[in-house]
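Dear colleague,

Please open it before you read my notes.

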Amino acid sequence: MEQKEDLLKDIISHAKEYGFVFPSSDIYDGLAATYDYGQLGSELKNNIKQYWWKSMVQMNENIVGIDAAIFMHPTTWKASGHVDAFNDPLIDNKDSKKRYRADVLIEEHMEKIRQKINKEVEKASKKFAEAFDEAQFRATNPNVLRNAEKIKEIEDRMRTTLENNDLEGVKTLIEDLEIVCPISGSRNWTEVRQFNLMFSTELGSVAGDASTIYLRPETAQGIFVNFLNVQKSGRMKIPFGIAQIGKAFRNEIVARQFIFRMREFEQMEMQFFVRPGDEMKWYNHWKAARLAWHKALGLGDKYYREHDHIKLAHYANAASDIEFDFPMGFKELEGIHSRTDFDLKQHEQFSGKKLQYFDPELNQNYVPYVVETSVGLDRMFLAVMSASFKNEKLEDGSERAVLSLPAQLAPYKVAIMPLTKKDGLPEKATEILNDLRFDFNCQYDEKDSPGKRYRRQDAIGTPYCVMVDHQTLEDNTVTIRDRDTMLQERVAISELRAKIDEKVSWRNLLSK
Ligand code: ATP
């Protein structure tokens with residue numbers, strides 16, 4: 001079994017070598033936390049999107065999909081709370097050029113003092129053994145008292161400076177505490193800046209606050225502001241859902257781990273509008289449905305774990321993550337949140353428009369409650385890649401790199417190969433290719449030995465290889481090789497379509 005750290009490295013280099021994922025602007029040495037999907041990556045990504053869209057939108061009578069703009073009216077983000085609350089106070093060290101969250105630096109400093117106190121207590125506890133009264137010691141020992149007082153003072157100063165947005169005060173606090181950069185060891189700090197994780201830009205040619213707009217940090221708000229448009233134009237009846245796939249942007253401070261945490265990423269989100277009081281029923285429904293969606297891919301149930309939140313965001317009354325066992329360990333892949341009526345109510349307040357639903361059964365108007373499912377497309381991509389990528393040792397002692405992708409997600413479903421480049425075999429293979437490509441994404445490959453060609457297809461996850469040989473010219477049969485078993489079977493050309501379809505059809509996956 002490969003070491004997990006090595007696995008991530010291997011996936012990154014495999015992804016680059018075969019055209020799945022490249023660092024963005026590679027010829028300029030890349031741009032931090034930004035990646036480009038290559039010729040095979042974009043196929044795989046499109047297939048993941050299709051799986052989600054088909055299963056969420058097309059297989060559900062009461063869910064419809066939209067495609068909202070990335071730019072939204074700036075008030076959207078005031079209403080959602082992102083302008084005020086999507087902030088971190090930042091400070092840079094001028095020598096190491098490293099960026100830190102100022103509050104985290106101060107927190108870490110307090111933690112060190114806390115550890116000093118704990119050491120003092122531990123020492124005394126050893127010294128006095130049974131006779132030790134910890135509470136009394138903490139209340140009377142001069143060293144402990146002095147340090148506890150220090151912590152309280154720092155806490156008070158940090159709270160007031162942050163609450164009053166007194167960033168100079170935060171910097172003075174860092175200087176007074178003589179906090180050093182863990183990398184350079186120096187105290188050469190920049191000013192503290194409030195850092196909003198939203199990317200902003202100017203609309204039109206007039207500069208100034210009034211024209212500042214944001215790149216959306218989540219797709220959900222595009223759904224909320226369209227709630228009435230969709231409900232009315234689609235005559236939707238509660239409960240119903242609105243789904244969307246699209247880009248989101250966050251200026252993450254610590255961005256790392258390949259495509260797991262990026263500054264530009266894609267989300268697949270669905271907001272399900274329900275009657276107030278029904279939200280827990282639907283929350284549990286979607287938790288189970290989303291986990292089943294993941295498991296149906298067949299990557300292995302052991303990769304998934306549910307994590308219910310104990311501490312909830314101010315707008316939520318229940319929240320749970322579906323975590324995936326990434327090469328870096330179990331981490332959030334998807335969030336399922338019961339968001340109450342928070343967002344619609346906020347938008348009512350800020351827009352002055354009623355965002356309500358008339359429930360004919362109850363004969364009553366109300367602001368619906370919302371259950372949200374939100375999965376990162378790029379994290380899905382990484383999950384699928386990391387569970388599918390294997391370096392296998394074969395019986396003959398050789399090795400093969402294989403991507404055992406779920407067949408529906410594989411970039412190519414079948415590779416068509418003539419055994420040799422002569423005797424009319426390429427022409428026959430092309431004939432088969434031109435027929436199959438109406439139904440499946442196919443690749444034609446005639447270069448190198450058959451063994452090498454098979455390896456190449458294994459490495460990009462193609463479920464089937466079809467070999468056209470001399471017998472084909474005589475009896476219209478070909479061999480078809482299975483990626484996973486590596487077994488070959490002779491079949492009539494006329495049967496190929498049905499055989500491939502049986503493995504790669506969406507019906508197969510969606511009916512699970
Ligand atoms: P995390 O705690 O990992 O930062 P989050 O809780 O902020 O994630 P949400 O705001 O709930 O994430 O976003 C929903 C989904 O969007 C996440 O489950 C994740 O799959 C995806 N996502 C969020 N931030 C990023 C990012 N920077 N890069 C890639 N995907 C992301």
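Below are some notes on the whole chain and then on one of its strands.

This is a predicted model, in which local features need pLDDT of at least 70 and side-chain atom pairs count only at pLDDT 80 or more, while totals for chains, interfaces and linings use all residues. Residues are numbered from 1 along each chain as its sequence is written, and side-chain values use heavy atoms, with hydrogens and water left out.

The chain has 18 helices and 23 strands, where helices (H or I, at least four residues) and strands (E, at least two) are DSSP runs numbered from the N terminus. Of its 512 residues, 48% are buried, a word that here stands for under 20% relative accessible area with a 1.4 Å probe, counting protein chains only. Along its principal axes, the C-alpha trace spans about 95 × 65 × 60 Å.

Strand β21 (residues 464-468) has five of its five residues buried, so it is largely enclosed by the rest of the structure. Both of its faces are covered, with Tyr464, Val466 and Val468 on one side and Cys465 and Met467 on the other. Strand β19 (residues 414-418) runs parallel to β21 and is joined to it by five bridges, and Pro418 has Val468 of β21 as its bridge partner. Strand β22 (residues 477-482) pairs with β21 in the antiparallel sense over four bridges, pairing being called when DSSP finds at least two bridges between two strands; here Cys465 has Arg481 of β22 as its bridge partner.

With best wishes

Definitions and conventions:
Buried means under 20% relative accessible area, exposed over 50%, partly exposed in between (1.4 Å probe, protein chains only).
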